[in-house]
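My notes follow in the order in which I looked things up.

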Amino acid sequence: MSYDLIKANLNLYAVLQNLEDMIKYDSEMNALAKDWDISIQFLVKNGPKAFIEFKKGVCTVGRGKYKWPSVKLFFTSPQHLNKMMDGKGGPIPIKGFTKIGFLLKDFPKVTEKLEYYLKPTDELLKDENFATMNTRLTMNTAAFAIREIGLNDPLLKSVASHMMDGTVGLNVLAGGPSVHITFSHGEITPGKGAVDKPMAKIDFKNLKIANNFLNGKSDAFTEIASGNVMIKGQTGMIDGMSLILDRIPYYLG
């Protein structure tokens, strides 16, 4: 699979899914979307398909086709989608012309806020609410990116295919966010929230430690040695998963 196609998969399946939690946990965005009743289909020629549904204050992002979308946005290639996600182009609307006002005025407010949360600065991270959201969304992105890279990257498909079956959990202790990734018979399934009895897990002592770790601001070996990051279970699964995680900046950095 080509670089642009993998990046398009990541943009739709790993980045865009963060709208769910942003609408849920950001009070301003929740208030903005509470009365929306609209669905948007993303169609990429020779590429991924995904949809976003806003209904009764809840945002749902899914793979594939939505049965009766309000809006359809077409992209001529994976590169076309990636350019839009990089702020260098726009989609081609092929359905929902009466919703153009929403696409031009309302929808950009949530996508711009998502970009804001996913591009932290040292100053922004001083705000606890921002740091919490950034950590949550960064963990989500990592979990969902593991599937796309593990199954499609030419250098890492062999790593993913040899992973033992089981679930790996990533958890911020003291009530912080959690994600999990399940490996089963060559398939990879990411999910949000904690799971009981994972085969392996990485526990972060607190939110700040997790944020520094996930944003590459701390040394992994030092954090593990000090007990700030705790690894338990089948460490071979974590080693393999770490190789996949290290590939994310190549596509989304």
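I began by noting that this is a predicted model, and then located asparagine 134, which lies in helix α6, the helix that spans residues 128-152.

Is asparagine 134 buried or exposed? I found a relative accessibility of 0%, and because buried means under 20%, asparagine 134 counts as buried.

I next looked up its surroundings, setting aside the neighbours within four places in sequence, and found asparagine 134 in contact with Tyr117, Leu118, Pro120, Leu125, Asn211 and Asn215. With asparagine 215 there is also a polar contact, in which the two side chains are joined at 3.2 Å.

Turning to the helix pairs, I took α2 (residues 18-25) and α6, whose axes come within 10 Å and cross at roughly 155°. As an angle over 145 degrees counts as roughly antiparallel, that makes α2 roughly antiparallel to α6. I recorded this crossing as right-handed. On the α2 side the contact is made by Asn18, Asp21, Met22 and Tyr25, and on the α6 side by Met133, Arg136, Leu137, Asn140 and Thr141. I sorted the residues of this contact into 4 nonpolar, 3 polar and 2 charged.

I then checked α6 against helix α10 (residues 235-245), where the axes come within 9 Å and cross at roughly 85°, which makes α6 roughly perpendicular to α10. Here Ala142, Ile146, Ile149 and Gly150 of α6 meet Met241, Ile244 and Leu245 of α10. For this contact I noted 6 nonpolar residues, 1 polar and no charged.

How values were computed: Residues are numbered from 1 along each chain as its sequence is written. This is a predicted model: local features need pLDDT of at least 70, side-chain atom pairs count only at pLDDT 80 or more; totals for chains, interfaces and linings use all residues. Side-chain values use heavy atoms; hydrogens and water are left out. Helices (H or I, at least four residues) and strands (E, at least two) are DSSP runs, numbered from the N terminus. Buried means under 20% relative accessible area, exposed over 50%, partly exposed in between (1.4 Å probe, protein chains only). A polar contact is a pair of N or O atoms within 3.5 Å; within protein, one must be able to donate a hydrogen and the other to accept it, and residues adjacent in sequence count only if both atoms are side-chain atoms. Contact means heavy atoms within 4.5 Å. Axes are lines fitted to C-alpha atoms, for helices over the stretch in contact, and angles run from 0 to 180 degrees between N-to-C directions. Angles under 35 degrees count as roughly parallel, over 145 as roughly antiparallel, 65 to 115 as roughly perpendicular and the rest as oblique. A crossing is left-handed if the near helix is turned anticlockwise from the far one by less than a right angle, and right-handed if clockwise. Ala, Val, Leu, Ile, Met, Phe, Trp, Tyr, Cys and Pro count as nonpolar, Asp, Glu, Lys and Arg as charged, and the others, Gly among them, as polar.
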